[in-house]
Amino acid sequence: LFLGQPFTITNELAPAPHVHTAKATASTGTSATSAPVTITIQLSGTAIDDPYPQIAKMDTTVELQTVADGMIPPLGLAAPSDGRLFVFDQVGLVYVIANGARQETPLLDMRNRILPLQADYDERGLLGLAVHPNFAQNGLIYTYSSEPTAGAATFPIDPGSGTNDHQNVLAEWKIDGANTNRVDPAGRREIFRLDQPQFNHNGGAIHFGPDGMLYLAFGDGGEAD
């Protein structure tokens, strides 16, 4: 650079002006830095085509059709491979939708386990539902719910965070062998409890990944993060 010879910049730079300096160090340890040099990087060749072409306007009508109603705050659903849908309601109910209609008797009733929810606004309740990838063979489903504090949590609250509001519980349930539209309440297996300091920011979505593992989304627990 000092001798006016060509040089190469080995790092990748975006197309734009870039300011560089060069530093030379002698064997004696003294060094000198050049004045700033502005290098402008430009693209060569022609621009690529727009990868997002304009969407053509069409006379397409999209309509919504009611599949099920009569629930309070349904938060989501899980779909076993047999064509049914399991819709879970925040108050602690899981309903079966089969042949386009909701069955009146719930698949699972957890209302005796769920905390009483505030009438105006609440982020607790039955927050997640997942169906085991081998559901057809083992009949297992999983729930994530807000329940009263009952003993030590698997993941306890920070002792300096104050009083605990409730515990979020991940549990496994088994379908009744005599009635596949019902859960056998005696087959419940608790997996873990998590202390929650506040009624909000609980998270709760649970899903099985393609690796067969169960993934759970936590919130930050409220109380100003």
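Contact here means heavy atoms within 4.5 Å. Keep that cut-off handy for the tour.

Before you start clicking: this is a predicted model, where local features need pLDDT of at least 70 and side-chain atom pairs count only at pLDDT 80 or more, while totals for chains, interfaces and linings use all residues. Residues are numbered from 1 along each chain as its sequence is written, and side-chain values use heavy atoms, with hydrogens and water left out.

**Stop 1: Asp122**

Select Asp122, in the loop between β9 (108-109) and β10 (126-131). Strands are DSSP runs of E, at least two residues, numbered from the N terminus. Is Asp122 buried or exposed? It's buried, with a relative accessible area of 10%; buried means under 20%, exposed over 50% and partly exposed in between, using a 1.4 Å probe and protein chains only.

Now show what surrounds Asp122. Leaving aside neighbours within four places in sequence, Asp122 is in contact with Gln90, Pro116, Leu117 and Phe199. Its side chain also makes a polar contact of 2.8 Å with the side chain of Arg124.

**Stop 2: Tyr95 and Arg102**

Jump to Tyr95 and look for Arg102 over the face of the ring, 4.4 Å from the ring centre. For a charge to sit over a ring, NZ of Lys or CZ of Arg must be within 6 Å of the ring centre and within 35 degrees of the ring normal.

**Stop 3**

Rings of Phe, Tyr and Trp (its six-membered ring) pair if their centres lie within 6.5 Å; planes under 30 degrees apart are stacked, over 60 edge-to-face, and the rest tilted.

Select Phe155 and Phe192: the ring centres are 5.4 Å apart and the planes at 90°, so this pair is edge-to-face. Phe155 sits in the loop between β11 (140-147) and β12 (166-176), and Phe192 in strand β13 (residues 179-196), 37 residues apart. Phe192 is buried at 13% relative accessibility, whereas Phe155 is partly exposed at 43%.

Phe218 belongs to strand β15 (residues 214-218), 26 residues from Phe192, and is partly exposed at 46%.

Definitions and conventions: Helices (H or I, at least four residues) and strands (E, at least two) are DSSP runs, numbered from the N terminus. A polar contact is a pair of N or O atoms within 3.5 Å; within protein, one must be able to donate a hydrogen and the other to accept it, and residues adjacent in sequence count only if both atoms are side-chain atoms.
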